[in-house]
Amino acid sequence: MSQKRDCYDVLGVARDATENHIKKAYRKLAMKYHPDRNPGDKEAEEKFKEATEAYEILADAERRQMYDQYGWAAFERGNGRGFGGMGHMDIEDALRAFASAFGGGMGGGFFEGLFGGMGGSRSRSERSRGADLRYDLEIAFEEAAFGAKRELTLDIVEDCGTCHGTGAAAGSKRETCTQCGGRGTVVTSNGFFQMRQPCPRCGGTGEYVRNPCPACRGQGRAKVSRRIELTIPAGVDTGSRLRLAGKGEGGARGGPPGDLFVVLHVRPHDLFARDGLDTHCEVPIPFHIATLGGEVQVPTLRGDVPLKIPAGTQPGKVFTLRGLGLPDVRGRSTGDHHVAITIEIPTDLARNTSDLLAAFGASVKETNHPRLAALRRKAKQFYSHKNAMNPTPGDS
Ligand SMILES: [Zn+2]
Ligand SMILES: [Zn+2]
């Protein structure tokens, strides 16, 4: 036999690892390398088989003891100990072993949750809750700010209306599968292993339908298009999740439906920017109002409100209007509205207005523009140092 890796190394566990620890390590590897997750990947398949084989040995106290004592030799064919068959696991064996390790006895949670119930052995006649669904919905800024009503159309899987989920045609019903006696699994012997595998006759459901329902071809489930009224409360933001109880996938065989979660994505707005509950808006004001002071109307979520501009307001100045932002979804608080001032330079002035402005320009003093005056002063200082060190020819 070719060199096989040590079982403990394969699972990455210590030689004294507990059963629980071994199972956890195997689960992690199996999830990573499962063929359903790595279609067509031979290397992943080999890893999956290797991990499953190691698990099959270490998870069984007797086999583990044999392995600890003799290593792989304990399982070679014809070694006189009757432990043949190991080391020749094919992918079908591995999948079955995996299914019996996690498919049964654990509520089916891992297996069904991860691989959509493939090979699961849950009986069809069992009532079960429908799956929760997620729906991503893009909404306008206004809808987030003021709330809205929307109607969604969703395709939802639920019990077939014709057979009410039984999968059986009218007058027919589900019968207990005779091959597996309703257990859904059959036991086969494969060398050393006793394998539990899904019953081939009933596909693991434990039941059999002689005359399948024509509407759902015996599936018991059908896809229906359903309209859902959605009320969006004011104040929601991107990432807000609305839960609609009972609007998810239909339950099986009369089980309760799952929930629908609508995840919101708010489109940006070109007038208002948003930061949590606060809103921001940039407002250009005329140069003369910035200079002399005055009042301008600024847009807010609640309409225009007057804003006092003090004389000498510079561009970039931000005024905060308390309580004029967005409402909190629970109605407990409200954000603020921030107005950033920019100065708009007038264009296309009439001749006489231009003349007035020119006269104004001629009459302003250096002290009317203190920042400009400061800049001139600093520049002059800089040039004086420069000229002292490197006198330019021609400069006096
Ligand atoms: Zn049906
Ligand atoms: Zn069966």
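Cys 213 has a relative accessibility of 1% and counts as buried; the cut-offs are under 20% relative accessible area for buried, over 50% for exposed and partly exposed in between, using a 1.4 Å probe and protein chains only. Before you dig in, note that this is a predicted model, where local features need pLDDT of at least 70, side-chain atom pairs count only at pLDDT 80 or more, and totals for chains, interfaces and linings use all residues. Residues are numbered from 1 along each chain as its sequence is written, chains are lettered from A and ligands numbered from 1 in the order in which they are written, and side-chain values use heavy atoms, with hydrogens and water left out.

**Exercise 1: the zinc site**

Find the protein donors of the zinc ion (ligand 1) and work out the geometry of its site.

*Step 1.* Collect the donors, meaning N, O and S atoms within 2.8 Å of the metal (3.2 Å for Na, K and Ca); water is not among the atoms, so sites may look incomplete. You get the SG atoms of Cys 160, Cys 163, Cys 213 and Cys 216, lying 2.3 Å from the zinc ion (ligand 1).

*Step 2.* Check the angles among the four donor atoms: they run from 104 to 117°, and the site is tetrahedral.

*Step 3.* Read the spacing of the donor residues along the sequence: C-x2-C-x49-C-x2-C. Cys 160 sits in the loop between strand S2 (148–159) and strand S3 (174–176), and Cys 213 in the loop between strand S6 (207–209) and S7, so this pair ties together parts 53 residues apart in sequence. Helices (H or I, at least four residues) and strands (E, at least two) are DSSP runs, numbered from the N terminus.

*Step 4.* Look at burial: Cys 160 is buried, at 4% relative accessible area.

**Exercise 2: helix H3**

*Step 1.* Now burial: 12 of the 17 residues of H3 are buried, so the helix is largely enclosed by the rest of the structure. Among them are Phe 48, Glu 53 and Tyr 55.

**Exercise 3: salt bridges**

Count the salt bridges and trace where some of them lead.

*Step 1.* Apply the rule: a side-chain nitrogen of Lys or Arg within 4 Å of a carboxyl oxygen of Asp or Glu. The count comes to 22.

*Step 2.* Take Glu 53 and Lys 4, whose closest N and O atoms are 3.0 Å apart. Glu 53 belongs to helix H3 (residues 42–58) and Lys 4 to the segment before helix H1 (7–11), so the bridge ties together parts 49 residues apart in sequence. Glu 53 is buried at 6%, while Lys 4 is partly exposed at 27%.

*Step 3.* Next, Arg 221 and Glu 249 pair up at 3.5 Å between the closest N and O atoms. Arg 221 lies in strand S7 (residues 221–232) and Glu 249 in the loop between strand S8 (241–244) and strand S9 (260–266), so parts 28 residues apart in sequence are tied together.

*Step 4.* Finally, Arg 129 and Asp 132 meet at 3.1 Å, N to O. They belong to a network of salt bridges that also takes in Arg 243 and Asp 259.

**Exercise 4: aromatic pairs**

Count the aromatic pairs and classify the one formed by Phe 48 and Phe 98.

*Step 1.* Rings of Phe, Tyr and Trp (its six-membered ring) pair if their centres lie within 6.5 Å; planes under 30 degrees apart are stacked, over 60 edge-to-face and the rest tilted. The structure holds eight such pairs.

*Step 2.* Phe 48 and Phe 98 come out edge-to-face, at 5.6 Å centre to centre and 70° between the planes. Phe 48 is in helix H3 and Phe 98 in helix H5, so parts 50 residues apart in sequence are tied together.

*Step 3.* Check accessibility: Phe 48 is buried at 1%, and Phe 98 is buried at 0%.

*Step 4.* Follow the ring pairs onward: Tyr 26, Phe 48, Tyr 55 and Phe 98 are linked into a cluster.

Notes
Tetrahedral: all angles 85-135°; square planar, octahedral: opposite > 155°, others 65-115°.
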